[in-house]
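Subject: Structure handover

Dear colleague,

Here is the structure for your files. Please look it over first; my notes on what was found follow below.

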Amino acid sequence: MKGALIGCGFFAQNQLHAWSGIEGADIVALCDQDGTRLSDTAERFAIARTYRDAAAMLEAEQLDFVDIATTVPSHRPLVEMAAAAGLDVICQKPFAATMADARAMVEAVESAGRVLMVHENFRWQSAVRRAIETVREGAIGAPFFGRISFRSGYDVFSGQPYLAEGERFIIEDLGIHILDIARAFFGDVERLSAATKRVNPQIRGEDVATMLLQHSQGASSVVDCSYATRRQPETFPQTLLEIDGSEGTLRLDAGYRLTVQTKGGESIADVEPPLLPWAEKPWHNIQESVSIIQRHFVDCIAAGREPETSGRDNLKTLALVEAAYRSAATGQTVRPADL
Ligand code: NAD
Ligand code: 89Y
């Protein structure tokens, strides 16, 4: 498969490293409106064909897919352009700024008969995945409670300055992943309530969010996120888990320690992800998940399957983000299905 990557910024570097290790897919062209980022990235990954304009690239290149690694304002036009060119598409999170945009993007790619995957990679982190599979296999019986927690004081603003500028911050940027993990464990969400707060006076949006989810299958989960938490050990960017089931409990604690306790006893596993040759701590769990999700995309195309984190699936995660903002603003419990 021949692909092009659009947006050569902070996170795209991980995506390009990951593509170099994936058999069956090659990135043959790059696009960025910013000439310096474009040429630096082209040189770093030895990709000769470069474009400042995505439409010009799609016109000139013979491609099978595009990997969109820009920030949210350009997602809808780029996804629609790729659909019109008849390409399979990966699009970074947050998928869209509104539910209406997201639905239109899913519709555009489905009408073109192509595959759309959202780069919703946190549920693909190997430690998180091991916990999800353990619960799905029934190791702790029927799950009835979960706490999915991401709390840190890490400075994400130096690498991603735009995060300090938006009216929305942690739910849209990071909570979206943690809400998606809650869906991966417990399924669809019937009702959601949320409280938010801004602690850091130097940013515009909320940096703390606490959310309570009632899932259709009966479980309740608490999803809590903070970038205002100064504690040791600093756990960035680990998602910590506590899941209670009818037959036992599962915990993913700081330092990638996975504990499963049942009547039969206790098992403790070290599920620290491998440090890929191009990766660096503490980002290595996210970096590994980039390789895993991109490989999932290639495998799904080869097998004619819909990706687990498809555009259509992501509409439900995005609805949780919208529900959380609406609940925090109104003080009401919100049904994501109404959005
Ligand atoms: P960035 O600002 O560093 O990079 C985005 C690049 O896209 C810039 O170089 C910009 O010039 C380019 N661009 C924007 N619009 C364009 C267009 N229409 N055509 C061509 N180029 C265009 O942003 P980033 O920090 O790399 O984030 C990109 C996306 O990745 C965001 O949506 C962010 O939320 C997401 N992200 C995801 C993860 C993850 O784990 N999944 C982690 C970090 C960031
Ligand atoms: O943008 C965010 C993401 O998706 O993962 C971590 C991050 O880089 C900062 O919150």
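To begin with the ligand shells, the residues around ligand 1 split into twelve nonpolar, ten polar and five charged. In that count Ala, Val, Leu, Ile, Met, Phe, Trp, Tyr, Cys and Pro are nonpolar, Asp, Glu, Lys and Arg are charged, and the others, Gly among them, are polar. The shell around ligand 1 has 27 residues, and Gly7, Gly9, Phe10, Phe11 and Ser74 come nearest. A residue belongs to such a shell if its C-beta atom, placed from the backbone, lies within 6 Å of the molecule. Ligand 1 lies between domain 1 (2-114) and domain 2 (123-280 + 311-338), because both give residues to its shell. The domain bounds come from an automatic or database domain assignment.

Around ligand 2 are Val156, Gln160, Asp173, Leu174, His177 and Pro237. They divide into three nonpolar, two polar and one charged.

Some notes on reading the model. It is predicted, so to speak of a local feature a pLDDT of at least 70 is needed, side-chain atom pairs count only at pLDDT 80 or more, and totals for chains, interfaces and linings use all residues. Residues are numbered from 1 along each chain as its sequence is written, while chains are lettered from A and ligands numbered from 1 in the order in which they are written. The protein averages a pLDDT of 98, and 100% of the residues score at least 70; pLDDT is the predictor's confidence in each residue, from 0 to 100. The model has an ipTM of 0.99 and a pTM of 0.98.

Next, the database record. UniProt, in an unreviewed entry, lists "domain: Gfo/Idh/MocA-like oxidoreductase N-terminal" at residues 3-118. That span is 42% helix and 22% strand, with its end C-alpha atoms 16 Å apart. Helices (H or I, at least four residues) and strands (E, at least two) are DSSP runs, numbered from the N terminus. UniProt also places "domain: GFO/IDH/MocA-like oxidoreductase" (unreviewed entry) at residues 128-251. Here the chain is 21% helix and 35% strand, and the end C-alpha atoms are 10 Å apart. UniProt positions are given in the numbering used here, feature names are shortened, and annotations may be inferred rather than shown by experiment.

Five of the five residues of S5 (residues 88-92) are buried, so strand S5 is largely enclosed by the rest of the structure. Buried means that 20 or more other C-beta atoms lie within 10 Å of the residue's own, exposed means 12 or fewer, and partly exposed is in between, with C-beta atoms placed from the backbone. From S5, Asp88, Ile90 and Gln92 point one way, and Val89 and Cys91 the other way. Strand S4 (residues 65-68) runs parallel to S5 and is joined to it by four bridges; two strands pair if DSSP finds at least two bridges between them. Within this pair, Asp67 stands opposite Ile90.

Val118 sits in strand S6 (residues 116-119) and is buried, with 32 C-beta neighbours inside 10 Å. The C-alpha atoms of Val118 and Gln92 are separated by 5.8 Å, although the two are 26 residues apart along the chain.

Two residues in other strands are partly exposed. Val222, in strand S10 (residues 220-226), has 15 other C-beta atoms within 10 Å and is partly exposed. Ala269, in strand S14 (residues 265-270), has 14 C-beta neighbours inside 10 Å and is also partly exposed. From Ala269 to Leu252 is 17 residues in sequence and 9.5 Å in space, C-alpha to C-alpha.

Finally, the backbone details in the loops:

- The peptide bond between Gln232 and Pro233 is cis, with omega about -5 degrees; Pro233 is in the loop between S10 and strand S11 (240-245).
- Lys281 and Pro282 are joined by a cis peptide bond with omega near 5 degrees; Pro282 is in the loop between S14 and helix H8 (284-303).
- Ala46 is not a glycine but has a positive phi, near 50 degrees. Ala46 lies in the loop between helix H2 (35-44) and strand S3 (49-51) and is exposed, with 7 other C-beta atoms within 10 Å.
- Tyr256, also not a glycine, has a positive phi of about 60 degrees. Tyr256 is in the loop between strand S12 (248-253) and strand S13 (257-262) and is partly exposed, with 19 other C-beta atoms within 10 Å.

Regards
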